[in-house]
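Biologist: I have a chain open on my screen and would like to learn how to read it. Could you take me through it feature by feature?

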Amino acid sequence: ASLAWMKSLRQEKAISVLLFGLSGGMLISFIRLILPNARITVVEIDGELVQIAKDWFGFEESDTVEIVVDDGLNYIRTSEESSFDLIIFDVYSKEASGELTSPPDKFLEMEFFEKVFAALKPEGVFSTSFACTSTASRKSALKNLGLAGFLSIFCVPVAGNGTRHFWRLRLLLPIRSTIALRG
């Protein structure tokens with residue numbers, strides 16, 4: 001579903017993408033392939049990882065790819081409203097604690113989702129990988145997304161490991177009530 005949405009963006013106009021987490025830079029290569037007119041901002045907390053991506057994976061910054069070494073929470077708090085067509089979370093904890101391993105707990109709080117919602121353009125999409133085996137944690141994250149204003153969700157379970165991939169779509173009319181949750 002996300003690929004179909006991304007392909008629908010293949011237009012002449014530039015698409016603004018915010019990516020949290022660099023890894024080896026492979027996701028950026030994919031985005032550039034599928035969305036050649038994308039302007040990508042990557043926020044990576046670990047400067048050493050940026051160097052590893054450059055040295056070992058051939059990652060290069062360009063006039064359409066900007067790397068910001070910062071904590072994602074700091075960056076999103078200062079982002080301008082309605083700045084991005086697509087926001088992608090590809091962040092993981094260095095140390096898994098409790099049931100939740102990806103993303104870290106601080107990225108599942110209401111305040112953070114509200115900032116993500118505000119940074120999206122009116123028809124923008126937020127995507128995150130959510131690795132969790134706890135039903136309570138999953139419901140809490142979904143509730144916070146709904147309270148932050150996201151109106152629709154697409155969830156793809158990954159068999160065997162408790163991972164769920166959420167594809168959130170921000171619509172024009174925010175809603176400020178809890179969403180119905182299924183177990």
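**Reading the chain, from loops to helix pairs**

Modeller: Let's start in a loop: Ser23 is found in the loop between β1 (15-20) and α2 (26-34). Helices here are DSSP runs of H or I with at least four residues, strands are runs of E with at least two, and both are numbered from the N terminus. Before we go on, please note that this is a predicted model, in which local features need pLDDT of at least 70, side-chain atom pairs count only at pLDDT 80 or more, and totals for chains, interfaces and linings use all residues. Residues are numbered from 1 along each chain as its sequence is written, and side-chain values use heavy atoms, with hydrogens and water left out.

Biologist: What is the phi of Ser23?

Modeller: Phi of Ser23 is positive, about 55°, although the residue is not a glycine. Ser82, in the loop between α4 (72-77) and β4 (84-89), also has a positive phi, near 55°, and is likewise a residue other than glycine.

Biologist: Is Ser23 buried, partly exposed or exposed?

Modeller: The classes rest on relative accessible area: buried is under 20%, exposed is over 50%, and partly exposed lies in between, with a 1.4 Å probe and protein chains only. Ser23 has 37% relative accessibility, so it counts as partly exposed. Ser82 is partly exposed as well, because its relative accessible area is 35%. For a contrast, look at Thr78 in the loop between α4 and β4: its relative accessible area is 64%, so Thr78 is exposed.

Biologist: How do the axes of α5 and α6 cross?

Modeller: Axes are lines fitted to C-alpha atoms, for helices over the stretch in contact, and angles run from 0 to 180 degrees between N-to-C directions. Here α5 (residues 110-119) and α6 (residues 135-148) have axes that come within 8 Å and cross at roughly 45°. That makes α5 oblique to α6; angles under 35 degrees count as roughly parallel, over 145 as roughly antiparallel, 65 to 115 as roughly perpendicular and the rest as oblique. On the α5 side the contact is made by Met110, Phe113, Glu114 and Phe117, and on the α6 side by Ala141, Asn144, Leu145, Leu147 and Ala148.

Biologist: And how do things look for the whole chain?

Modeller: The chain has six helices and eight strands, running α-β-α-β-α-β-α-β-β-α-β-α-β-β from the N terminus on. Of its 183 residues, 43% count as buried. Among contacts with a separation of 6 or more, 72% come from residues 24 or more positions apart.

Conventions: Contact = heavy atoms within 4.5 Å.
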